[in-house]
Amino acid sequence: MEIRGPMLLPARREEIELHTQDGLRLVGELALPAERAPHATLVTLHPLPTAGGFMDSHIFRKAAARLPALADLAVLRFNTRGTTSPRGTSDGSFDGGDSERWDVAAAMSFVAERGLPRPWIVGWSFGTELALKYAADHDVEGIVLLSPPLHRTTDDELAGWAEDPRPIIVLVPEFDDFLQPEEAAQRFSVIPHATLIPVEGGRHLWVGENQTRTVLTEIVAAINPDALPLPTEWDGELGDPA
């Protein structure tokens, strides 16, 4: 059957909690390959919660549904402070990206405690702002930025990555509402090693199966290229929710 939409492929799924240094409990889910150790780990940072972003924002939900089975990746999703999803509501309240530094730190502490391998931070929209602000402080192999608006990221924060050799993969939709490829190339030019990938026909929310597959393929290309091309058909059993 064709892999598309909400199809859930096999994985070991666990509802988890993160605990921040400022005393909050954040709710989330960890999805692991069903029968193997993960090759690497995606730590996902969701879009703006005040605009409807949460751990189930569709690209991250589909990453957790597909990539443990298709690319041997662990996928950690969680609600940042004050954010609600069907999994539950995380403690605290939205702080515009400031106190969310402790949410990122809590996720990375969880990764270390569980011994999850080769963590990459994957941010989408508001999540890219958190990645650019705070990922450099943690033991990550690199970052992937989906639809970065660069609203809250300062020029100094961008320039701070210039001396950091870790990979930065930037997916910019052709028709993004906030930052399109030409301007993105100018803004990210301060990071010589950043890889900018303009996505023809893409939009900020990556709606549609074709855009979903493009995004997931580029994530896997950066982190586990041996798993490419990603299958579009699945003949085995389907997975169960956490």
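**Entry 1: helix α3**

I started with α3, which lies across β3, β7 and β8. Its direction runs at about 135° to β7. I keep in mind that this is a predicted model.

Is α3 enclosed or open to the outside? I went through its residues and found nine of the nine buried, so α3 is largely enclosed by the rest of the structure. The list runs F126, G127, T128, E129, L130, A131, L132, K133 and Y134. I noted that E129 and K133 are on that list of buried residues too.

Next I looked up what does the covering. The cover includes β3, α2, β7 (119–124), β8 and α4 (155–159).

**Entry 2: the sheet**

What is the order of its strands? I read β1-β2-β4-β3-β7-β8-β9-β10, eight strands in an open sheet with mixed pairing. Neighbouring strands are turned by 20° against each other on average, with direction ignored.

I checked one end of the sheet in detail. β9 and β10 run parallel, and five bridges join them. There I found L171 standing opposite I197 of β10.

A reminder to myself on pairing: strands of a sheet pair through backbone hydrogen bonds, either parallel or antiparallel.

Helix α2 packs on this sheet as well. I listed the strands it touches: β1, β2, β3, β4 and β7. The direction of α2 makes about 125° with that of β1.

**Entry 3: the cores**

Which residues have the most contacts inside the largest nonpolar core? I wrote down L18, L76, I121, I143, L145 and F188, out of 38 residues in that core. I then asked which elements supply at least two residues each. They are β1 (12–19), β2 (25–32), β3 (40–45), β4 (73–78), α2 (100–114), α3 (126–134), β8 (142–146) and β9 (168–173). The most comes from α2, with six residues.

Setting aside neighbours within four places in sequence, I found I143 in contact with W120, I121, L132, A135, W161, P167, I168 and I169. One of these, L132, is a buried residue of α3.

There is a second, separate core of 34 residues. I noted A40, I197, W206 and W234 among its members.

**Entry 4: L73**

I turned to L73, found in strand β4. Is L73 buried or exposed? It is buried, at 0% relative accessibility.

I looked up what surrounds L73. Neighbours within four places in sequence aside, its contacts are A31, P33, P38, A40, L42, L67, P68, V220, I223 and N224. A40 also belongs to the second core. I also checked the spacing between L73 and R118, which are 45 residues apart along the chain. Their C-alpha atoms are separated by 9.8 Å.

Where is the cis peptide bond? I found it joining L228 and P229, with omega about -5°. P229 sits in the segment after α6 (209–223).

D72 has phi near 55°. This residue lies in the loop between α1 (58–71) and β4. Its relative accessible area is 21%, so D72 counts as partly exposed.

S147 has a positive phi of about 55° too, although it is not a glycine. I placed S147 in the loop between β8 and α4. Here the relative accessible area is 0%, so S147 is buried.

**Entry 5: the whole chain**

Last, I stepped back. I counted six helices and ten strands in the protein chain. Why do I call the chain as compact as a globular protein of its length? The radius of gyration is 17 Å, close to the 18 Å that the globule rule gives for 242 residues. The C-alpha trace spans about 50 × 45 × 30 Å along its principal axes.

Buried residues make up 54% of the 242. Among contacts with a separation of 6 or more, I found 71% between residues 24 or more positions apart. The exposed surface comes to about 10200 Å², and carbon and sulfur atoms supply 49% of it.

Definitions and conventions. Residues are numbered from 1 along each chain as its sequence is written. This is a predicted model: local features need pLDDT of at least 70, side-chain atom pairs count only at pLDDT 80 or more; totals for chains, interfaces and linings use all residues. Side-chain values use heavy atoms; hydrogens and water are left out. A nonpolar core is a set of buried Ala, Val, Leu, Ile, Met, Phe, Trp, Tyr and Cys residues joined through side-chain atoms within 4.5 Å. Buried means under 20% relative accessible area, exposed over 50%, partly exposed in between (1.4 Å probe, protein chains only). Helices (H or I, at least four residues) and strands (E, at least two) are DSSP runs, numbered from the N terminus. Contact means heavy atoms within 4.5 Å. Two strands pair if DSSP finds at least two bridges between them. Axes are lines fitted to C-alpha atoms, for helices over the stretch in contact, and angles run from 0 to 180 degrees between N-to-C directions. The radius of gyration is taken over C-alpha atoms; the globule rule is 2.2 Å times the number of residues to the power 0.38. Accessible areas come from the Shrake-Rupley method with a 1.4 Å probe; for residues, only the protein chains shown count as cover.
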